[in-house]
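Trainee: I am new to this structure and would like to go through it step by step. Could we look at it together?

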Amino acid sequence: MSHAIEVRNLTKIYAMGGETVHALDGVTFSIEPGEMVAIIGSSGSGKSTLMNIIGCLDRPTSGEYHLDGQDVSRFSGNALARVRNRNIGFVFQNFNLLPRMSALENVEVPILYSGTGGAAKLARAALERVGLADRAGHEPNQLSGGQRQRVAIARALVNNPTILLADEPTGNLDTRTGREIMKLFHELHAEKVTLIIVTHDTEVAEQCSRNIVLRDGKIIEDKQIQAQMP
Ligand code: ADP
Ligand code: MG
């Protein structure tokens, strides 16, 4: 069967002067379409490195990465960018919105890159999907943290990716706002989007149906759990 994501023996070695850091050290797992997975581990354990590889922002030093049955681990930068634009949405802790652009314009950015056209219409639909249609004209500094993160999620969704990657998406939000974001993720899960969420928050991890724990670039635990619905 075709896995959404299959990584085999992934390593990532950073060379820093004379030192080398094994950020990932033989990571193997697969994720099926529509799974909702939390990646957990202390700071420096390799979570962001793993997300960057899964998200086709970076390549492993060695190992294989199959995305929808295609081995993308040796793709060139351009080919990787195409795969990324077509398949993957990203959400970050700091939202990464462009400050002098409206919510709508921020959400349009990935469409302008992919060149599909109809940006405004698609962006408006994505803002509607996250419940922010009425804030389309607001700039990020006119929005609350939770609203900014919803704009970022709309931007991640605008190309209709099958996979959404979120690196500490609730890390800068208060508990209540974090729960709103998780509610939105559950809605996307119900729509069969594959969700991979890096988190330090046990409440977030408990709402996922699988927890993968990293330590020093290795998986030390990978377990299915009974997801606690909010
Ligand atoms: P986490 O997201 O779990 O905090 P990271 O994936 O960011 O961990 O980092 C894993 C290890 O790789 C850390 O030791 C970090 O210092 C190192 N690292 C990450 N990115 C780089 C880089 N660009 N250059 C050198 N070392 C890096
Ligand atoms: Mg990180």
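Trainee: At what angle do helix 5 and helix 6 pack, and are they roughly parallel or roughly antiparallel to each other?

Mentor: In this predicted model, helix 5 covers residues 145–157 and helix 6 covers residues 175–190, and their axes lie 9 Å apart. The angle at which the two helices pack is about 20°. Angles under 35 degrees count as roughly parallel, and therefore helix 5 and helix 6 are roughly parallel to each other.

Trainee: Which classes of residue make up the contact of helix 5 with helix 6?

Mentor: On the side of helix 5 the contact is made by Gly-146, Gln-149, Arg-150, Ile-153 and Leu-157, while helix 6 contributes Thr-177, Glu-180, Ile-181, Leu-184, Phe-185 and Leu-188. Sorted by class, the contact has six nonpolar, three polar and two charged residues.

Trainee: In what order do the four strands of the open sheet lie, and which are the edge strands?

Mentor: The four strands form an open sheet with antiparallel pairing, in the order 2-1-4-5. Strand 1, residues 5–16, pairs with strand 2 over 10 bridges, and Met-16 stands opposite Glu-19 in strand 2. Two strands of the sheet pair on one side only, and these edge strands are strand 2 (19–31) and strand 5 (70–71).

Trainee: Which helix lies across strand 1, strand 2 and strand 4, and at what angle does it run to strand 2?

Mentor: The helix that lies across strand 1, strand 2 and strand 4 (62–67) is helix 1, which spans residues 47–54. Relative to strand 2, helix 1 runs at about 60°.

Trainee: Is Leu-24 buried or exposed?

Mentor: Leu-24 has its place in strand 2, and, leaving aside residues up to four places away in sequence, Leu-24 touches several others, including Leu-10, Thr-49, Leu-50, Ile-53 and Gly-217. Buried means under 20% relative accessible area, and because Leu-24 has 0% relative accessibility, Leu-24 counts as buried.

Trainee: Against which strands do the buried residues of helix 2 pack?

Mentor: Helix 2 runs over residues 77–87, and Ala-79, Leu-80, Ala-81, Val-83 and Asn-87 are buried there. The strands against which these buried residues pack are strand 4, strand 6 (88–92) and strand 7 (163–167).

Notes. Residues numbered from 1 in each chain as written. Chains lettered and ligands numbered in written order. Predicted model: local features only at pLDDT ≥ 70, side-chain atom pairs only at ≥ 80, totals over all residues. Heavy atoms only, no water. Pairing = 2+ DSSP bridges. Contact = heavy atoms within 4.5 Å. Axes fitted to C-alpha atoms, helices over the stretch in contact; angles between N-to-C directions. Parallel < 35°, antiparallel > 145°, perpendicular 65-115°, else oblique. Nonpolar A, V, L, I, M, F, W, Y, C, P; charged D, E, K, R; others polar. Buried < 20%, exposed > 50% of the residue type's maximum accessible area, 1.4 Å probe, protein only.
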